[in-house]
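Below are some numbered notes for a colleague who has not seen this structure before. Please read them with the model open.

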Amino acid sequence: MIRANIKEKNFKFANGLQNRAKTDLIVVHHTGVNDIDASAEQIHGRHLNNGRAGIGYHFVIRKDGTIERGRPMNVVGSHCFGENSHSVGIHLSGDFQKAKPTEKQIEMCAILIANLCTDYKIPIDRAHVKGHRELNATDCPGENLFAVLDTIVGKANWYANQPADVKDTPADKKTVTCPHCGKTFSI
């Protein structure tokens with residue numbers, strides 16, 4: 001299976017973080033502000049300034065497809081009221097009420113979801129991969145990202161079922177062809 005290349009950030013958090021006892025849900029989010037390409041550092045700073053312990057998401061996917069670490073994977077997030085204790089938060093940078101996620105964001109989100117579901121033995125389906133709006137009263141992750149969540153989950157299933165000889169994504173990247181749309185992507 002192709003593994004996502006994650007840029008580690010090692011943020012300092014204002015308060016102690018709690019370990020997450022179980023992981024059985026992935027929640028997808030967007031920035032929702034002026035379609036900015038928010039970095040994990042920017043989100044961390046904004047969340048600290050709002051009195052939170054720090055970035056609430058576990059991952060940030062930038063417009064170029066770069067995946068940045070937010071919170072450590074073993075701790076409870078702060079991204080979806082009532083669901084944080086058992087979920088992983090993935091944030092895609094952009095305002096998807098107005099704009100559309102980039103093809104790189106869609107592909108890397110699918111790869112990341114495939115990795116997480118495989119690692120945590122979570123079924124790769126829409127019952128276990130949700131848009132924030134499906135759990136809380138919000139527009140997040142925006143109409144345009146929400147509209148492609150089924151496609152992302154389908155792609156995640158495809159990535160999860162690739163042969164074991166496909167390794168981590170190296171610096172020189174791999175090229176794959178999506179079975180759903182037929183497009184070729186460098187990842």
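1. E8 is partly exposed because its relative accessibility is 45%; buried means under 20% relative accessible area, exposed means over 50%, and partly exposed is in between, with a 1.4 Å probe and protein chains only. The side chain of E8 forms a salt bridge with that of R69, at 2.8 Å from N to O. A salt bridge here is a side-chain nitrogen of Lys or Arg within 4 Å of a carboxyl oxygen of Asp or Glu. The two partners come from distant parts of the chain, 61 residues apart: E8 is in the loop between β1 and β2 (25-30), and R69 is in strand β4. R69 has a relative accessible area of 13% and is therefore buried.

2. The model is a predicted one, in which local features need pLDDT of at least 70 and side-chain atom pairs count only at pLDDT 80 or more, while totals for chains, interfaces and linings use all residues. Residues are numbered from 1 along each chain as its sequence is written, and side-chain values use heavy atoms, with hydrogens and water left out.

3. The chain has four helices and eight strands. Helices (H or I, at least four residues) and strands (E, at least two) are DSSP runs, numbered from the N terminus. Read from the N terminus, the order of elements is β-β-α-β-β-β-α-β-α-α-β-β. Of the 187 residues in the chain, 50% are buried. Among contacts with a separation of 6 or more, 71% are between residues 24 or more positions apart; contact means heavy atoms within 4.5 Å.

4. How many salt bridges are there? The count is twelve. Side chains of opposite charge can pair when their charged atoms come close. One of the bridges joins R3 and D119, with the closest N and O atoms 2.8 Å apart. R3 is in the segment before β1 (6-7) and D119 is in helix α2 (residues 103-120), so this pair ties together parts 116 residues apart in sequence. R3 is partly exposed, at a relative accessible area of 25%, and D119 is also partly exposed, at 41% relative accessibility.

5. K98 and D95 form a salt bridge through their side chains, at 3.8 Å from N to O. K98 is exposed, with a relative accessible area of 66%, whereas D95 is buried at 5% relative accessibility.

6. Where is R62? It is in the loop between β3 (59-61) and β4 (67-69). R62 counts as buried because its relative accessibility is 18%. A polar atom of its side chain is 3.0 Å from the backbone oxygen of D37, and the R62 side chain also reaches the backbone oxygen of A38 at 3.3 Å. These are polar contacts (a pair of N or O atoms within 3.5 Å; within protein, one must be able to donate a hydrogen and the other to accept it, and residues adjacent in sequence count only if both atoms are side-chain atoms). Leaving aside residues up to four places away in sequence, R62 touches D37, A38, S39, E68, S93 and Q105.

7. R20 is another loop arginine, placed between β1 and β2. R20 counts as buried, at 9% relative accessibility. Polar atoms of the R20 side chain lie 2.5 Å from the backbone oxygen of M73 and 2.7 Å from that of V75. Residues touched by R20, beyond four places away in sequence, include H58, N74, N84, H86 and Y120. V88 is 68 residues from R20 in sequence, and their C-alpha atoms are 9.6 Å apart.

8. The structure has one aromatic pair. Its rings, those of W158 and Y159, have centres 5.0 Å apart and planes at 70°, which means the pair is edge-to-face. Rings of Phe, Tyr and Trp (its six-membered ring) pair if their centres lie within 6.5 Å; planes under 30 degrees apart are stacked, over 60 edge-to-face, and the rest tilted. W158 is partly exposed at 24% relative accessibility, while Y159 is buried at 1%.

9. There are zero disulfides, a disulfide being a pair of cysteine sulfur atoms within 2.5 Å. For C80, the nearest cysteine sulfur is that of C140, 8.7 Å away. C80 is buried, with a relative accessible area of 1%.
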